[in-house]
Amino acid sequence: EMIQEGRWDDLLKHVPVRKGDFFFVPSGTMHAIGKGIMILETPQSSDTTYRVYDYDRKDAQGNTRELHIQQSIDVTNVPDHAPELAIKEVRKGNSAITTYLQTEFFNVYEWLVKGECSFKAFAPYTLMTVIEGFGYLVVDGKEYELNMGTSCILPNQVKEWQIKGDIRIIASDTAK
């Protein structure tokens with residue numbers, strides 16, 4: 001009824017965000033990204049997105065995007081369930097490795113490197129995105145420059161690597 005009547009403020013919970021926040025939004029949770037918010041999203045593998053509201057935006061021809069009201073209702077968990085996170089931090093010299101999330105599908109980490117830090121692969125591949133700072137990724141003795149916004153995939157063949165610099169990275173991998 002709230003969707004049909006457009007009562008979004010009654011239906012949705014507004015969550016204030018700050019730079020550096022981490023949120024886990026489980027599958028089946030209705031969610032949106034507010035105006036002016038930039039995120040790095042690590043999604044579970046899926047090729048389906050249902051749109052229940054689109055802020056009444058229109059394209060150049062004046063058309064609104066297709067909504068998927070019934071499909072959204074069918075797959076949304078009500079009430080929502082915000083799972084407890086068991087965030088763990090491990091110090092490595094001047095660096096810190098924080099595990100934000102470990103699920104049966106994927107894991108998410110933050111690597112705060114100050115100086116140099118070595119890593120070993122724990123999954124078939126690792127995705128990483130630089131969110132602050134500057135540094136280098138070192139694989140088999142070869143250095144690759146890392147700047148804010150740089151993203152890369154470390155494939156299965158890469159078993160060990162180093163990160164050098166003063167840099168903050170969000171990384172994810174698949175659960176084994």
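Modeller: Let us begin with a definition: a salt bridge is a side-chain nitrogen of Lys or Arg within 4 Å of a carboxyl oxygen of Asp or Glu. This is a predicted model, in which local features need pLDDT of at least 70, side-chain atom pairs count only at pLDDT 80 or more, and totals for chains, interfaces and linings use all residues. Residues are numbered from 1 along each chain as its sequence is written, and side-chain values use heavy atoms, with hydrogens and water left out.

Colleague: What average pLDDT does the protein chain have?

Modeller: pLDDT is the predictor's confidence in each residue, from 0 to 100. The protein chain averages 89, and 99% of the residues score at least 70.

Colleague: How many salt bridges does a search of the whole structure find?

Modeller: The search finds 11. In one of them, Glu110 pairs with Arg168, with the closest N and O atoms 3.1 Å apart. This pair links distant parts of the chain, since Glu110 lies in strand 3 (residues 106-120) and Arg168 in strand 7 (residues 160-174), 58 residues apart. Strands here are DSSP runs of E, at least two residues long, and helices are runs of H or I, at least four, numbered from the N terminus. Glu110 and Arg168 also belong to a salt-bridge network with Lys19 and Glu132.

Colleague: Why does Glu110 count as buried?

Modeller: Buried means under 20% relative accessible area, exposed over 50%, and partly exposed in between (1.4 Å probe, protein chains only). Glu110 counts as buried because its relative accessibility is 10%, whereas Arg168, at 22%, is partly exposed.

Colleague: With which residues does Asp54 form salt bridges?

Modeller: Asp54 bridges to Arg57, the closest N and O atoms being 2.6 Å apart, and to Arg65 at 3.0 Å, N to O. Asp54 is buried, with a relative accessible area of 8%, while Arg57 is partly exposed at 46% and Arg65 is partly exposed at 43%.

Colleague: Which residues have the most contacts inside the largest nonpolar core?

Modeller: A nonpolar core is a set of buried Ala, Val, Leu, Ile, Met, Phe, Trp, Tyr and Cys residues joined through side-chain atoms within 4.5 Å. The largest has 18 residues, and those with the most contacts inside it include Trp111, Phe119, Met128 and Leu146. Strand 3, strand 4 (126-139) and strand 7 are the elements that give two or more residues to this core.
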